[in-house]
Structures are given as C-alpha cells and as structure tokens.
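Please examine the sequence and the structure below.

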Amino acid sequence: MKDLAKLEKEFQERIDRGENIEPKDWMPEKYRKTHIRQISQHAHSEVVGMLPEGNWITRTPSLRRKVALLAKIQDEGGHGLYLYSATETLGISRDELYEQLHSGRAKYSSIFNYPALTWADMGAIGWLVDGAAIINQVMLTRTSYGPYARAMVRICKEESFHQRQGYEILLTLCRGTAVQKAMAQDSLNRWWWPSLMMFGPPDAESTHTEQSMKWKIKRKTNDELRQQFIDNTVPQADILGIKVPDPDLKWNEERGHYDFGEINWDEFWQVVKGHGPCNKERMDARRKAWNNGEWVRDAAIAYADKKAEKNIAKAV
Ligand code: FAQ
C-alpha cells in the first residue's frame, strides 16, 4: 500500500497539471472536508437566498416582472439542488446537510440576512448580489473538483440572466420619476457594502484561502475578486446615474483599479455569527418549510418502498 505522503504528493501533482478530481479518485481527507464545507455553504446560500426575493412575488409591479422573478427564484432552488447533489458525491447525505443548516452548524452567505424592503431591492439583489455571485462563480467553473466545476457552468449561465433582470429593474426606476430614482439610490446605499462582504474576509484574515489556492479550489483570492467586482460595477452605477455610497471611492490610474473605503468587518462577523437583521427570520422560515414538508417526504418514501416491493415480487 502506498504511504500517505506519496499519495498526497501524487494528488498535488495531478492538481498542478490541471486535472479534475472525480468522486472515486483518492483525495486527502482535508480536501474532501473543505469541499463539503464550501459546496454545502454555497447550496444553503442558494436556498436561503430564495427568501428575500420570495417575499416580493405577490407584490411585483406587473405580470412581466412576476414571471421573471418567479423564474429567477426557481433557478436559485435548482442551483441549491445541483450543489447538494455535488456535495453528496463526497460521501455525506442530504439529510445530514439539511441538519447542519437547520441546527445552525453550517454557514450560508451573510448577504441573505439583510431585508428586502422595497421593489428596488429586487433590482439591487439581481444587479449586485447575483453580480458578486457571478464574479466568484466564474472562477469556480475551473475549480479542481469535477462535480462542483460542472455544476457551476450551468449556474453561471443562469446567474447572468438574473443579473440582467436586476439591472433592468433599476434602469427602469432610474429613468422613471424622481421618487423611483430615489428608491433605486436608497437600495444601492443599503446593498453596496453587504455585497462587498460576500467575498469573505480580507486575505490576511482568511482561514482557508492559502490551502484552497494550492488545491485550485479557489483560483483568485477574496480581495482580488472583491476588487474585480468593484471595478466592474462602478461604471454600471454611473450609467444608472446613481452614486455608490463610498466617499473614498476613486479611480487610481496607477493601479488601474478603483480605490475604496474601509469595509465594516465587525458588522460582517456579527452577521456571520447569527446576529444580522434577519438571521433568525431566515432560519425560522427554513425550519418551518422542512417541518411542513415532512408528509411529502414520508409519502415519497412510502411510494418508493411499495414500488420496490412490487419489483422484487415480480423478479422472484
Ligand atoms: N458569509 O477563509 P475564508 C448567491 C466564512 S450564492 C458567511 O475566506 P473561504 C446566489 C467562511 O465560510 C452566494 N460566511 O473562507 C444567489 C469561513 O468560515 P468556516 C454564496 C462567510 O471558504 C444570488 C470564514 O468565514 N456563494 O449569492 C462569508 O475560503 C441571489 C473564513 O473565510 C458561495 O458560497 C460570507 N460572505 O472563502 C442566490 C460561493 N465569507 O467555513 C439568491 C462559494 C466567508 O471556516 C439570490 N464559496 N465566510 O466556518 C466561496 O467561494 C467561499 O466559500 C467564500 C469564502 C469566498 C465565500
């Protein structure tokens, strides 16, 4: 039997050659656990992320907006399902993953603990939250674990539709009345900083980045992605004619990037630790949905058992 150091060396060489790792391949236990953590957090984020927008389905300003919003929210549910399936390939059951979310042991993205207060927030979530998700996720289409990378390809295509529908909502508001434009500005004011926090703590304080870069789970660091998001998004705000709420935001010719102000990391950690404006509400909603769905799960299992019994009876 090969010793562990040799297996680990060969594993790293495969990663360095740019090969994908597949579920049945040998992998270090820490690589497996890191993926279970990251992919399941991502899946939970998609599912919890349905809640702030779900809150607006009955209040869309037109039928066209309702159809688009419904489709977007269903897509997020679908993303959660692909990602739960990808996580299951690492030897953990879906029930266990749900249990981790419902018990508060698993994290999900900080951004979904903020409230969606106005219709303009549907625009800001699409534009900024999906926009940030795309920047992060395009890198993940090249992540080293095959099932995760493949799930991300489809997810990214759908996220780009989401981002456009959000931007179009804001464009319509910004070209509308002064009150509508003010609503769009207010929404940007509230969602800007939490969107920057989505990329995670600064590199110097990130626990996992260094190892995840070596394993090509991450191809770019939290700070690199955050900067890319700011550079892409500020010109889009200019087109809308609304102002990013950062007095220190300034184009830096030498760096070829925007300089930006200090992020409130205390707020970020408070939200991550469960003390954000909506953490309790979000978890209560997920637990309630799980409990209310029990009879559906039971019925599906009873049906599957009956069918299996019939098939066995037919076979003997
Ligand atoms: N919120 O060492 P790092 C979406 C935690 S999907 C909460 O830098 P890492 C679609 C982190 O887990 C959005 N916790 O960690 C949509 C770790 O704690 P742990 C979700 C956070 O993993 C749009 C600790 O801090 N996307 O939006 C956050 O290397 C609209 C130290 O951090 C993904 O999950 C945070 N923002 O980098 C849906 C993408 N940031 O686990 C509906 C995949 C960090 O040791 C509507 N994930 N933490 O207890 C990733 O790329 C990475 O996991 C990062 C964090 C970049 C999020």
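Ala-204 is exposed, because its relative accessible area is 81% and the cut-off for exposed is over 50%. The model in which this residue is seen is a predicted one. Ala-204 belongs to the loop that runs between helix 8 (178-197) and helix 9. Its position may be compared with that of Ala-132: the two residues are separated by 72 residues in sequence, and their C-alpha atoms are 20 Å apart in space.

A further loop connects helix 9 (209-214) with helix 10 (222-240), and Lys-216 lies in it.

The next step is to consider how helices are arranged. Two packed helices are described by the angle between their axes and by the distance between those axes. For helix 6 (residues 119-140) and helix 7 (residues 146-174), the angle is about 150° and the axes are 7 Å apart. Angles over 145 degrees count as roughly antiparallel, and helix 6 and helix 7 are therefore roughly antiparallel to each other. Their crossing is left-handed. The residues that form the contact of helix 6 with helix 7 comprise 18 nonpolar, 9 polar and 2 charged ones.

The aromatic side chains may be taken up next. Rings of Phe, Tyr and Trp count as a pair if their centres lie within 6.5 Å, and by this rule there are 12 aromatic pairs. In the pair formed by Phe-268 and Trp-269, the ring centres are 4.8 Å apart and the planes stand at 70°, so the pair is edge-to-face; the cut-off for that class is over 60 degrees. How accessible are these two residues, Phe-268 and Trp-269? Phe-268 counts as buried because its relative accessibility is 6%, whereas Trp-269, at 30%, counts as partly exposed. Elsewhere, ring pairs join Phe-11, Trp-26, Tyr-31 and Trp-215 into a cluster.

The charged end of Arg-59 sits over the ring of Trp-56, at 4.0 Å from the ring centre. In another such arrangement, Arg-297 lies over the face of Trp-290, and here the distance to the ring centre is 3.5 Å.

Notes
Residues numbered from 1 in each chain as written. Predicted model: local features only at pLDDT ≥ 70, side-chain atom pairs only at ≥ 80, totals over all residues. Heavy atoms only, no water. Helix = DSSP H or I, 4+ residues; strand = E, 2+ residues; numbered from the N terminus. Axes fitted to C-alpha atoms, helices over the stretch in contact; angles between N-to-C directions. Parallel < 35°, antiparallel > 145°, perpendicular 65-115°, else oblique. Left-handed = near helix turned anticlockwise from the far one by under 90°. Nonpolar A, V, L, I, M, F, W, Y, C, P; charged D, E, K, R; others polar. Phe/Tyr/Trp six-rings, centres within 6.5 Å; stacked < 30°, edge-to-face > 60°. Buried < 20%, exposed > 50% of the residue type's maximum accessible area, 1.4 Å probe, protein only. Lys NZ or Arg CZ within 6 Å of the ring centre and 35° of its normal.
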